[in-house]
Each structure stands twice: as C-alpha cells, then as structure tokens.
Amino acid sequence: MGQTINEFIANYGELLIEGTRDTLIMTGVSTLLAYVLGVPLGVLLTITGAKSIWPHRALNTVLGWIVNIGRSIPFIILLVAIIPFTRLIVGTSLGVEGAMVPLVISAAPFVARMVEQSLAEVDGGLIEAAQSFGANGWQIVVKVLLVESLPSLVRGAAITFINLFGYSAMAGTVGAGGLGDIAIRYGYQRYEYDVMLVAVILSVILVQIIQSFGDWFARRIDHHAR
Amino acid sequence: MIEFEHMKKSYGTGAQAHEVLHDINLTIRDGEVFGILGSSGAGKSTLVRTINLLERPTGGTILIDGQDITGATGRELKELRSKIGMIFQNFNLFQQRTVLRNVTFPLELAGKPKAQRVARAERLLRLVGLEDFADRYPSQLSGGQQQRVAIARALANEPKIMLCDEATSALDSTTTVQILDLLRRINRELGVTLVVITHSLSVARNICDRVAMIDGGDIVEMGETAELFAHPKSDILKALIASADEQNGRDEDKDGKPVGGSADAEDDGKER
C-alpha cells in the first residue's frame, strides 16, 4: 500500500463511483418494482381478512402461503433458482438487469407484509365512516386505506430499500457490480482492504442518508395526532 | 319516515347464532329528533346501524319513506347511504385530509366536480362555525371542533336523516351542550331527522322529541321525552332517572337547570 490519497482516487475513484451508481440504480429500481407487485398483494391480503371489507378466506390463505414461501427462501438460493425465469424476463441472468429480477421477486412478499402491517394500523372507524357515506371497496382502498397509511408506507419503503441494499451485495455473484460486490471482490478475495473499507464506508453513509430522508419525509407528510 | 317492522338482528349462524335485537317495531317521523337510550351492550349501536345497512337485519323489514331498503345492494345501497349522514363518538375524521377535504369526501364519492365540492364544503364549514379552519388537519383541532367538522361532513350530501352515534360521549359537558345546540339547529333549520343514540339521560332530555328505551335487544318503552321521563314504567329507566337525579343534586347549576352533560360527568376531560 503506502499510496497517497490522490493515487487511491486515481486508481479506484472511477470504480467506486460506478459501484455507487450501480448499487443505487439496482436498489432503487428493484424497490420501485417490488412495490408495484407488493402493494396490490398487501392490499389483497388486508381486505380479504376475516374482519375487513372483502372477506375471502380461501384467497387470503393462499396469498398468505405464497408470501410466506417467498419470504422463507434465502436470497442467494432464489437468485440461482430462478435464473431461467430471469433470462425469460430480461434476456440475461447477469449484470444489473439480471440481479434486479431476483431482487424484486424476493422483496415483493416482504413489501406485501409491510403494506399489510401499515394498512392494519388504519382505524376501523374511518372505514365505517367511509362506508356510511356510500364508499365502495375500491374507494375505501384508494381514498382511505392507502391515504391514511401513507406515512407508515413511506417508513416501510425506506426499510425495504435498505434491505435490498444489503441483498444487492450478494447479487455481485452474478456480476451485478455495486458497492457490496466491490467490498467482497477487493477485500475478501484480493486483500485490498483500503478499497473494501472505502466501499463499506460509502455503503454506511448511503444507508444513513436514505433512512434519515425516509424518516424526515414520513414525518413531514404525517398529520396523525401523536 | 323510518319504519322498523319486526326487525331482528343476530350474529353467527346455526347453534352459535346470537340474537342482539329481537322484533323491533318502531316509527321515526320526519323532522323529529328521536333518541335511542340504553346502556352499553343494549343493542342501540346495532339498531342505528341497520338504518344505513352498516348492519344488515336478519329478519323483518326497514322502510324509509315507504320504500323497503332491507335488501339494498350496489347502486341502490350507495344511493341510500348518500341520503343518510352519520356522526360518531370518536369523530372518525380522516387524519391525512384537511378539514375542507374531510367535508368534501362524501361529494368526491358522489363524483361531484371540484369547484362544486369546495363551494359546498365552505358553506357547511360556515354553518358549523369553522370557516377559518379549512386548511388545518383534524389533529390540530379540539374534540368539539372535530365533531363540528364531522357534522359538516355528514351534511355534505344534503341528507334527510342524520344518525348520531354517541356523538357527545367523548366531549366535556360544556362542549356537549354546544354540539347539542348545533344539532338542534340543524334539525330545525334544515329539517334533518336526527336519530340520536346515547347512554346519557341528560343528552336525551336536552335534545330529543321522543325517546325509545332499549334494553337487552328490546325496546322496553317509548314516548314523548318529557312524558316518558316524568312517568317511567320500566325498571331500567326508573333506575337510570334515579341515578341521574342523584348526580343532578350535586351538579345542578344556580338556576336549578340541569347542566348538559351531568350524567356524563365520568367522561369529562376526555376531550383531546
């Protein structure tokens, strides 16, 4: 080692910037798509519950199974197991695109549970009030459940994002790149601890920023009495 | 006019069925303030919820203006509910919506254009004395103010009937009197029929033209408020009056007039 900071930046700067970019794209897009799948799933889980607005025991049970199975498969196994499916969807099982498919598939059931949890916090009295004014099921979901739980949903999104941030490191095994992949390749495999350290520090800073932003934003839009 | 004919309500089926309302026969006249008095668990909340079918009767019929509503679904149900306003003990305001957008909510459901919704909501907020609070959120208001917003919201669709489910039970006695005055005014000025559910004798006395005493899922007696309270027949109403008189002996104001919420003394201080 013994290199100056300038030399370090010259040697690894581009790599780390690229890694940061890959991580943020991979994690951000995966979070977004996980919500596209997870929100409807979470809403269905909620409203098909016994005491909710559209009780449907069989559907509720089946959805619960699917979500539990999805959540119980270790990510690294899922990553490999669904390679044919990944190829079908994005044309490759490698790189950032190849990693995003398993990231989304593994996060969607988690998101569904987070959404279910947030919706469960909505006061049943509000649903009754909406019904008393003639709201139908769709209106209750869109105008009451999702609106009233928005701050809680935002907090959940920050947690999901950070979870996927961690998973994305494992996606390095399919050559997806990103900060986690850099830390593993340089630190674990090549003993270049300075690169590993910087990659880890960058990860820590990014996670802090995302969590703080999530908390700040959720507080800002939250009008519930506390 | 709301007519109950042999109306029954039970929960569960078969051997587990549990009947909470037995053979309710009752006529509520247009433009009156009708009280349903009873202790908790008597079935009064269930009874009032059958009027807008939040609870579905399991027997008998309910007629509103001569029309059988008991089996209404879909569009018919939506129509029915839009004609019946409702306010609640805990106000049930949408916390993530401003005061104005709480009041426009029923109009949104009805698909009214925005300009019309806002104009109507502003008029209603003036009616309840909260025109300066349109952009606040419910969490920034006192309990009494929140119930006023809820009243404005319940009036949004110009209902002919308004259901009040323990509307003042979470309020202190001064605020209770103010809310009851407002409800009375709405009844007189807008001609809205009020169905008032309460466990409080003083609320019934203060606002109701007629009262039905309900106990164990039955209407045990019914009549003009003053007459009913002067000559109670059922043991339960006699007991209720005796305990309220005892309370009044302590709480009466200088004019000897009972204070609005005297029987609700235990609820004082609950206001947020």
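Domain 1 and domain 2 of chain B bury about 1,700 Å² between them, and carbon and sulfur atoms give 71% of that area. Buried area is the accessible area (1.4 Å probe) that two parts lose on being put together, summed over both. This is a predicted model: local features need pLDDT of at least 70, side-chain atom pairs count only at pLDDT 80 or more, and totals for chains, interfaces and linings use all residues. Residues are numbered from 1 along each chain as its sequence is written, chains are lettered from A in the order in which they are written, and side-chain values use heavy atoms, without hydrogens and water.

Domain 1 of chain B covers 1-12 + 29-64 + 160-256, and domain 2 covers 84-158. These bounds come from an automatic or database domain assignment. The contact (heavy atoms within 4.5 Å) takes 26 residues from domain 1 of chain B and 18 residues from domain 2 of chain B.

One salt bridge pairs the side chains of B:Arg49 and A:Glu128 (2.5 Å, N to O).

A salt bridge is a side-chain nitrogen of Lys or Arg within 4 Å of a carboxyl oxygen of Asp or Glu.

| Interface | Buried area | Salt bridges |
|---|---|---|
| Domain 1 of chain B and domain 2 of chain B | about 1,700 Å² | zero salt bridges |
| Chain A and chain B | about 2,100 Å² | two salt bridges |

In the interface of chain A and chain B, carbon and sulfur atoms give 58% of the buried area.
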